[in-house]
Amino acid sequence: MLNPDDYRVESYEAFRERARNPALSPNERCGFPDAFRAGRSQAIFADIDSKLTVLGRPGIKILDIGGGCSELAQHIVETTARERQLLTAIDSPEMLTQLPESPHLTKLEGPFPGCLKALTHAPGPFDAILAYSVAHHVFLEANLFAFVDAAVQLLGEQGRFLIGDIPNATMRKRFMASSAGEAYHAAHYAHLPAPKAQAAALNPGEIDDGVVLGLVARMRAAGLHAFVVPQAPDLPMANRREDILIVRP
């Protein structure tokens, strides 16, 4: 039975500790139960590809922020090598060491954007930037708006930035209050109390509609296109997570 507390990682340092744990699978080191992520990399990448539409072009430059060492991260490294693209991955040294060494892959160690301070010049510009299942950790420990501000500075002309797999507390409440949500809870978390419907309650430490829509409004005010986009329905957490796509015109 899944216990959400086993996969609640609350800090950058906690991820470093998980990355050093040989008893965990690559997905578990990144905070994901294998039940939700094992064998799903192609489906998740296909959804990412449908939004970062430049990913099919050889020679482009891609930045993956906080991708970790999961099956998805490994899939991205393999795919970009095959497509003759240049990939920069940013994460802790404990995570990055588990990714293969490759001429097309540049590894930058440290939390973003602080890791850029040690560079003599900023990387990029990038045609595509990905931060997948990262936003909620940044929101809890740092400043999500500063994180996004720094990332869009690295976007090239017509570049695309996908803030993917955002757990939205308000979206989750809407889902769990539905009959589909009740059935989902019974199938996966029957050992836990049924969630209480509190659609108007504040959720300290969690991203909600206000944060998601605030990010979209901020990016639009800065002269960028920004959209809230749903995940493909076959993804493991599409019923309670969504993406933000930012495009430089």
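In this predicted model, strand β6 and strand β7 (residues 241-247) pair in the antiparallel sense, and six bridges join them. Within this pairing, Val-229 has Asp-243 of β7 as its bridge partner. Strand β6 also contains Pro-230. Pro-230 has a relative accessible area of 63%, so this residue counts as exposed. As a general principle, strands of a sheet pair through backbone hydrogen bonds, in either a parallel or an antiparallel manner.

Strand β4 pairs with two strands of this sheet. With β1, the pairing of β4 is parallel and extends over three bridges; here Leu-63 stands opposite Ile-129 of β4. With β5, strand β4 also runs parallel, and six bridges join the two. The bridge partner of Ile-129 in β5 is Phe-161. Strand β4 is mostly covered, since six of its seven residues are buried.

The next topic is the nonpolar interior. In soluble globular proteins, nonpolar side chains tend to be buried together. In this model, the largest nonpolar core has 34 residues, and those with the most contacts inside it are Phe-112, Leu-144, Phe-147, Val-148, Phe-161 and Ile-246. Two or more residues are given to this core by each of β1 (61-65), β4, α7 (135-141), α8, β5 (155-167), α11 (209-221) and β7. Helix α8 provides the largest share, six residues.

Which kind of pair do the rings of Phe-112 and Phe-147 form? The structure holds one aromatic pair. The ring centres of Phe-112 and Phe-147 are 5.3 Å apart and their planes stand at 80 degrees, so the pair is edge-to-face. The pair links distant parts of the chain: Phe-112 is in the loop between β3 (105-109) and β4 (126-132), while Phe-147 is in helix α8 (residues 144-152), 35 residues apart. Both Phe-112 and Phe-147 are buried.

Charged side chains also lie over aromatic rings. Arg-37 lies over the face of Phe-32, 3.7 Å from the ring centre. Lys-61 lies over the face of Phe-126, 5.6 Å from the ring centre.

The cysteines complete the description. A disulfide is a covalent bond between the sulfur atoms of two cysteines. How many disulfides does a search of the whole structure find? The search finds zero. The cysteine sulfur closest to that of Cys-30 is in Cys-69, at 4.0 Å, which is too far for a bond, because a disulfide requires sulfur atoms within 2.5 Å. Cys-30 has 8% relative accessibility and therefore counts as buried. Cys-69, at 1% relative accessibility, counts as buried as well.

Note on methods: Residues numbered from 1 in each chain as written. Predicted model: local features only at pLDDT ≥ 70, side-chain atom pairs only at ≥ 80, totals over all residues. Heavy atoms only, no water. Phe/Tyr/Trp six-rings, centres within 6.5 Å; stacked < 30°, edge-to-face > 60°. Helix = DSSP H or I, 4+ residues; strand = E, 2+ residues; numbered from the N terminus. Buried < 20%, exposed > 50% of the residue type's maximum accessible area, 1.4 Å probe, protein only. Lys NZ or Arg CZ within 6 Å of the ring centre and 35° of its normal. Pairing = 2+ DSSP bridges. Core = buried A, V, L, I, M, F, W, Y, C linked by side-chain atoms within 4.5 Å.
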